[in-house]
Amino acid sequence: MKQLFIGLIAEGTTDVRFLKNIIYKSIQELSWSCDNQVDIFDIQEVTAEGDSFVNKMLEASKNACQIYGISALCIHTDSDASTIDSVMQNKFSPFLAALKTMPKEDYCKHIIPTIPIQMIESWMLADKQLLKQLINARGLSDADLGLDRAPESYADPKTAIEHAIRRAMAEQPKKKRNQIGISDLYEILGNRLSLERLRTIPSFAKFEENVISVFKELELMR
């Protein structure tokens, strides 16, 4: 049996809370197609500092290897107003080129880009019925909440979710208002969103393609 230790460095603490379980579930399920059985350990958060994306990710790769013994490192960065291709070209390509020059015994070389379109909150919109349940809005339509568009079509999905929460709270008795905020949703949605729903989002499908590429690099899959 092959043991696989996965690391994650994300843009913020709420991103980590949302992503850890999603990444674990995805990698575990994808590992079922590997040539041999793979034991996936809990996702390890990796931290780093640096004055640029390249320098910060080089430190993250080094910490992942030397401190945690990580097999592969997921690197989360939102695309913001860019495309995934643009983020890969402007951020990941220079980083990967620099990483290639580093000694393999000191750095984690297997990198899984994790790039939601606009923001990680677009992935939180993968299951709107679940979101509506969590914000006590089951009696309202997606259009009522301003959530009737494709998740990745929102320029600011975080603001869209916050608006939906306010709209849902306005329908509640005054004593029950303001009992939930978007910060309360990251971990819950990360634990409860299904991979089937997430796979309808193109950038999540791309993330899983990146996982499969790393499986092949690690010779776990042909």
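How many bridges join strand E2 to E4? I started my notebook with that one, and I kept in mind that this is a predicted model. I found two bridges between E2, which covers residues 6-9, and E4, and these strands run parallel.

Next I wanted the whole sheet. I got four strands in an open sheet, ordered E4-E2-E5-E6, with parallel pairing. Then I asked myself why one side of E4 and of E6 is left without a neighbour in the sheet. Strand E4 (44-45) and strand E6 (111-114) stand at the edges and each has a single partner strand, so one side of each has no neighbour there.

**Entry: helices on the sheet**

I turned to helix H2, residues 53-66, and saw that it lies across E2 and strand E5 (72-76). I noted its angle to E5 as about 150°. Helix H3, residues 84-100, packs on the sheet too, touching E5 and E6. For the directions of H3 and E6, I wrote down about 165°.

**Entry: the largest pocket**

Last, I checked the pockets. The largest pocket has a volume of about 310 Å³. I counted 18 residues lining it, and the closest to its centre are Met88, Leu96, Ile111, Pro113 and Glu217. Which elements give two or more residues to the lining? They are H3, E6 and helix H10 (202-217). H10 gives the largest share, seven residues. I sorted the lining by type as well: nine residues are nonpolar, four polar and five charged.

Conventions: Residues numbered from 1 in each chain as written. Predicted model: local features only at pLDDT ≥ 70, side-chain atom pairs only at ≥ 80, totals over all residues. Heavy atoms only, no water. Pairing = 2+ DSSP bridges. Contact = heavy atoms within 4.5 Å. Axes fitted to C-alpha atoms, helices over the stretch in contact; angles between N-to-C directions. 1 Å grid on protein atoms, 1.4 Å probe; cavity = no way out; pocket = protein on both sides within 12 Å on 5 of 7 lines; lining within 4 Å. Points joined across faces, edges and corners; volume = space filled by probe spheres on them. Nonpolar A, V, L, I, M, F, W, Y, C, P; charged D, E, K, R; others polar.
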